[in-house]
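Reader: I have a model open and would like to go through it with you. Could we begin with the overall picture and then turn to details?

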Amino acid sequence: MWRDARLVAAKDLRIEVRSRVALNQIAPFALLVLLLFAFALDSDRNVLRDATPGLFWVAVLLSTLLAVQRAFSLEAADGVRDALRLSGLHPAGIFLGKVASVAIQLVALELLLALGVLVLYDAPLTSPLLLGSTGLLATLGLAAVGCLYGVLAAGQRVAETILPLLLLPALAPLLLAATQAVAAASDGVASEGWRWLGLLALFAAAYLAAGVATFGILLDDG
Amino acid sequence: MEPAVDLCGAVALVGRFPALAGADLVIDPGEVVLLQGPNGAGKTTLLRCCAGLVPVIDGEARVLGCDLRTDRRRVRGRVGLLAHSSGLYDDLTVEDNLRFWGRAAGSDRADVEAALDRLGLAGRLRGVAVGRLSAGQRRRTSLAVLVARRPELWLLDEPHAGLDQAGRDLVDGLIRDASAAGVTVLLSSHELERAAAVAHRQVEVVGGHVREVGGESDVA
Amino acid sequence: MNDTTASKATRVLGAVTLAGIGLLVLFGLVISGPDGASVGVDANGAPTGQGEVVRIMYMHVPTALIAFLAFFVTVAGSVGYLLRRSEWWDLVAHASAELGAVLLFATLVTGALWGEPTWGTYWEWQDARLTTTAVLFFLVLGYLAVRRLPLERGRRSRLAAVVGLLLGPATIVCHYATTWWRTLHQGPTISRLDPQIEGTMLFSLMLGMGVFMALYAWLMLHRFRVLWLENRVEDLGLDLALAERRAEAGASGASTTGPSPTPATGPTPTGAAS
């Protein structure tokens, strides 16, 4: 299973390197969202700085939608889905590989967004350990939920509209926890932050487990 | 010796349509069988059924020893399907695709290289992205993937379609070599003369049913 | 065969429900008194309460609880279907989700209506339950959207079962997250939605619970049966299609190419359309 995961992740990342969709399209989109927030909130420096944790994570969430859509539109092309089912790859391995690839792309996006937020919103950067762990765990959770619902939506005629409907409510608690953790970090109340981190870890673990258990069914019948 | 394919009254749905309404087919290992029949008869569904992609809802169906009604996932890694779609990643090169699909099936570098060679893709074409290939070249790449994966059962849906003369001869050669090596081949084709020359026997698919057509042909 | 999905059970349940609703209106709006003591103590030391507004509780609390019950049934049905693959579980999950969605919506609306006079606002983010209910509502909408995907029935049921299964942990996590969130930001004057209840108020509330329970059961029976009938209609369509397909084969069998050792009609397929 792990070997299959590595194989799939490597394949996905190689495709990204060749096609550069995340770089050319998703990254600019993410930065654009940050910009739009500034317009919407009247570029009030104070408001932006206070709202940074939330705005950051909303931008990440929206980018996740795109990243997941992309990850699975790859597999919707030209009979590839059938080929995957026939390939002999362990479905749980495919799931983990996809999660890894999406997570890696999201981490890169988050670093970019963190830079954007520092520059555009003048946000402070304290408790780097907490921030870093939050980022990683939240990303893992995002990728897991995304790939779980992504495969379900993939290949459907209504894929683009059903994915957000399924994904966003499920991600609501993740958004809350990640925002609170980052807010706690920048407020200097690190102890609160670690508690939210616990919830993020639980979230990621639960959805990873769910994905490993059910990806085979979803791949077959979506 | 257990048959490679053993269907008895198999019923399979595509959406809500009973594409297979009672198929009976027995194929021994190493045989090459040609499916013929009009469009919409259920040839593609039959092939996909044997690949374990389509659920069988009635009758009996065993492929390579796996019961398709209860456990069709197990047969998948052991069969190779050449479908109308290419099953390739357009953004990756020919070589990348072969390496990925080959390794997924447990084949090693040597198998991949041999397949590339056999299909004439080992030269300049290996580094070309699949999306840039012509339709015929893409078909050859799909065939190369099939060969590289070394499955026990080949399911070929109109393998000659889209290929030039040289390509078609290549396909015939591949089928002969595979059969000689003990691989079972089930193919559908509208090129009856050419395909009949390669096949041990022919069956006709009509209205979701399969029946034998006489005429053993002279295959070495 | 029945022309409707009614039966003795549903008639009894229906009558009970309707009678119960009548009783509930009576008790809730007339007989039980206004809330005089739950909010706290005012400047003079006299207890203050929510007044007449509290009557919304007789609908809000039962709809909330039964909605959660319905959603729990959906989760259980989804698990049951994944384990047993029997149509019964699948239909139970589906019917319950639909009813649950309606009840959740009612919960949210009554909650908002209750909140306005009590909190001064229709929506109070700090009330963890309201937020969890809202997220759950969207989760159930997602589930219902999956149920409507244009797929073959077995595939759709499996997909929906996975989504339904995920509803469980999703809500639990959401509940914890929002509860912690609330305790973090406990504002100074959030008046509680839970009034002191006793006597006739308690009875009315219990009555409300009973009535909505009966309503749920009644509608579940009907909805389940309608869904079951829809599946049967689809099956009949399939049998018809199978028969046509075989006729197609038989007809062209009269003109086979080349000599054929087997008879034109071939062996009888199993499971012939009856």
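**Chain C and beyond**

Author: Of the 274 residues in chain C, 37% count as buried. Please note that this is a predicted model.

Reader: Which secondary structure elements does chain C have, and in what pattern along the sequence?

Author: Chain C has six helices and two strands. Along the sequence they follow the pattern α-β-β-α-α-α-α-α.

Reader: And what share of its contacts joins residues at least 24 apart?

Author: Among chain C contacts between residues at least 6 apart in sequence, that share is 74%.

Reader: Let us turn to chain A. How do α2(A) and α3(A) cross?

Author: The axes of helix α2 (residues 21-40) and helix α3 (residues 45-76) of chain A come within 9 Å and cross at roughly 150°. The angle is over 145 degrees, so α2(A) is roughly antiparallel to α3(A). The crossing of α2(A) and α3(A) is right-handed.

Reader: Which residues meet there, and how do they divide by class?

Author: On the α2(A) side, the residues include Ile26(A), Phe29(A), Val33(A) and Phe37(A). They meet residues of α3(A), among them Leu55(A), Leu62(A), Ser63(A), Leu66(A) and Arg70(A). By class, this contact of α2(A) with α3(A) has 15 nonpolar, one polar and one charged residues.

Reader: What does chain B contribute where it touches chain A?

Author: In that interface, 22 residues of chain B are in contact with 18 residues of chain A. On the chain B side, the elements giving two or more residues are β6 (79-82) and α3 (94-104). The largest share, five residues, comes from α3(B). The chain B residues on this side divide into 12 nonpolar, five polar and five charged.

Reader: Which residues touch the most other members of the largest nonpolar core?

Author: They are Leu200(A) and Cys50(B), in a core of 219 residues. Helix α7 (residues 159-187) of chain A gives the largest share of this core, 15 residues.

Reader: What does Cys50(B) touch, apart from residues up to four places away in sequence?

Author: Cys50(B) touches Val5(B), Val63(B), Val79(B), Leu153(B), Leu155(B) and Leu186(B). As a general point, nonpolar side chains in soluble globular proteins tend to be buried together.

Reader: Where does Ala195(B) lie, and is it buried or exposed?

Author: Ala195(B) lies in helix α7 (residues 192-198) of chain B. Ala195(B) is buried, because 26 other C-beta atoms lie within 10 Å and the cut-off for a buried residue is 20 or more. Leaving aside neighbours within four places in sequence, Ala195(B) is in contact with Leu34(B), Leu187(B) and Ser189(B).

Reader: And how far is Val33(B) from Ala195(B)?

Author: Their C-alpha atoms are separated by 9.3 Å, although Ala195(B) and Val33(B) are 162 residues apart along the chain.

Reader: Now the backbone angles. What phi does Arg150(B) have, and what about Glu158(B)?

Author: Arg150(B) has a positive phi of about 50° although it is not a glycine. For Glu158(B), also not a glycine, phi is positive as well, at about 50°.

Reader: Where are these two residues located?

Author: Arg150(B) lies in the loop between α5 (135-149) and β7 (153-157) of chain B. Glu158(B) is in the loop between β7 and α6 (165-180) of chain B.

Reader: Why is Glu158(B) classed as buried, and how is Arg150(B) classed?

Author: Glu158(B) has 20 other C-beta atoms within 10 Å, so it meets the cut-off of 20 or more. Arg150(B) has 18 and is therefore partly exposed.

Terms used:
Residues numbered from 1 in each chain as written. Chains lettered and ligands numbered in written order. Predicted model: local features only at pLDDT ≥ 70, side-chain atom pairs only at ≥ 80, totals over all residues. Contact = placed C-beta atoms within 7 Å. Helix = DSSP H or I, 4+ residues; strand = E, 2+ residues; numbered from the N terminus. Nonpolar A, V, L, I, M, F, W, Y, C, P; charged D, E, K, R; others polar. Buried ≥ 20, exposed ≤ 12 C-beta atoms within 10 Å, placed from the backbone. Axes fitted to C-alpha atoms, helices over the stretch in contact; angles between N-to-C directions. Parallel < 35°, antiparallel > 145°, perpendicular 65-115°, else oblique. Left-handed = near helix turned anticlockwise from the far one by under 90°. Core = buried A, V, L, I, M, F, W, Y, C linked by C-beta atoms within 7 Å.
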